[in-house]
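Open the model in your viewer and keep the selection tool at hand. This tour goes stop by stop: what to select, then what is there.

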Amino acid sequence: MDFSITPEQERLRKEVIQFAHQSLSCDMIKHDREAIFNRDAWQKCGEFGVQGWLIPTNYGGKGFDILTAIYGMQALGYSCKDNGFLFGMNAHIWACEMPLLAFGSDAQKEKYLPLLASGQWIASHSATEPQAGSDIFNLKTTAQKKDDKYILNGAKHYVTNGAVADLFIVFASVDLALGEKGLTVFLIEKNTPGLVVTPVISTMGDRTAQVTRLKLENCEVPVSHRLGAEGAGMTIFSHSMEWERGFILGTAVGTMERILEKSMEYARKHKQFGQSISKFQLVSTKLVDMKISK
């Protein structure tokens, strides 16, 4: 396989950087201090196509291949300084859109993917729990089937995008005694009775990501809103985590690239003892280490 950058991918990179400089700039210090989520920037990203890069065209996306999409995400990280915003974007794409695309029914994909790909809706992945962290085997949220619906009860923790999400992908167990075989996934829209979103949790470096807790208090979810089959939760979770582990750091690589460039620029311009500090071995070694790490 040829991993070299194509002219089309290089053109996308330039377009993303130009777009981000024009449309995603904000008072980052204020936004971080006050945990402000930039919804306007999210919608502009949707109009530009970011959330739909990996979504097929028949669902309103761009239908990019994975390498092109990741190159675009790297450029987004290079040009956008809002780390929390980027973290939320990654959660939306890898942990929500991709499992919905892979496991959703035709009706679910037709309803939700165009909304998510266009930036009109924001999605949130809700698996982590207070007592279990991300140990999916020990979650305690339950989903009791009753006629044509499920009744969900439990709590979720560190829910990225929680305060601004329109759609929650929630993991629960239809029978705790079954262990991982009882894990099942549900699509829950905001304002559903029994779905309670608590105030934002302040997370250092990611305050703008709108991380919250989630409570499910006799939350009724139609059977048609189950994602995949009963007991498919572990498969869906593993699928989501494979996408996240593989590609969530694409934007971080772009951020590292920007920081390295700024550091080199500063080292060349700043002078001590009559010469640029980039001439000092200790400083130049640190810059080399940064380059190697990137």
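Helices here are DSSP runs of H or I with at least four residues, numbered from the N terminus. The model is predicted, so local features are described only where pLDDT is at least 70.

**Stop 1: a loop residue**

Select A35. It sits in the loop that links helix 2 (28–33) to helix 3. Is A35 buried, partly exposed or exposed? A35 is partly exposed, because its relative accessibility is 25%. Now show its contacts. Beyond residues up to four places away in sequence, A35 touches R207 and Q210. P56 is 21 residues from A35 along the chain, and their C-alpha atoms are 33 Å apart.

**Stop 2: the largest nonpolar core**

Next, select L24, F85 and M89. In the largest nonpolar core, which has 29 residues, these three touch the most other members. Colour the elements that give two or more residues to this core: helix 1 (7–23), helix 3 (39–48), helix 4 (66–79) and helix 5 (83–103). In soluble globular proteins, nonpolar side chains tend to be buried together.

Stay on F85. Leave aside its neighbours within four places in sequence. The contacts of F85 are then F37, N38, A41, W42, C45, C80 and T208.

Another core lies apart from the largest one. This other core has 26 residues, and Y59, A123, A127 and M234 are among them.

**Stop 3: the cysteines**

How many disulfides does the structure hold? The count is 0. A disulfide is a covalent bond between the sulfur atoms of two cysteines. The cut-off used here for the two sulfur atoms is within 2.5 Å. For C26, the closest cysteine sulfur is in C80, at 7.0 Å, so the pair is too far for a bond. C45 also has C80 as its closest cysteine sulfur, again at 7.0 Å and too far for a bond. C26 is partly exposed, with a relative accessible area of 29%. C45 counts as buried, at 0% relative accessibility.

**Stop 4: the strands**

Show strand 2 (residues 142–146) and strand 3 (residues 149–159). They pair in the antiparallel sense over 5 bridges. Pick Q144: it stands opposite I151 in strand 3. Strand 2 and strand 3 form a hairpin, with 2 residues between them. Click D147 in the turn: its phi is positive, about 60°.

Strand 3 and strand 7 run antiparallel and are joined by 8 bridges. Find K149, whose bridge partner in strand 7 is P222. Strand 6 (residues 195–197) also runs antiparallel to strand 7, through 3 bridges. There, V197 has L214 of strand 7 as its bridge partner.

**Stop 5: helix 7**

Finish with helix 7 (residues 233–247). Its 15 residues reach 21 Å from first C-alpha to last, close to the 21 Å expected at 1.5 Å a residue. Which residues of helix 7 are buried? Select G233, M234, I236, F237, S240, M241 and E244. They cover an arc of only 160° around the axis, so they lie on the same side of helix 7. Then display what covers them. The cover includes helix 5, strand 1 (123–126), strand 4 (167–173), strand 5 (183–189) and strand 8 (226–227).

Note on methods. Residues numbered from 1 in each chain as written. Predicted model: local features only at pLDDT ≥ 70, side-chain atom pairs only at ≥ 80, totals over all residues. Heavy atoms only, no water. Buried < 20%, exposed > 50% of the residue type's maximum accessible area, 1.4 Å probe, protein only. Core = buried A, V, L, I, M, F, W, Y, C linked by side-chain atoms within 4.5 Å. Contact = heavy atoms within 4.5 Å. Pairing = 2+ DSSP bridges. Expected span 1.5 Å × (residues − 1). Arc of directions from axis to C-beta.
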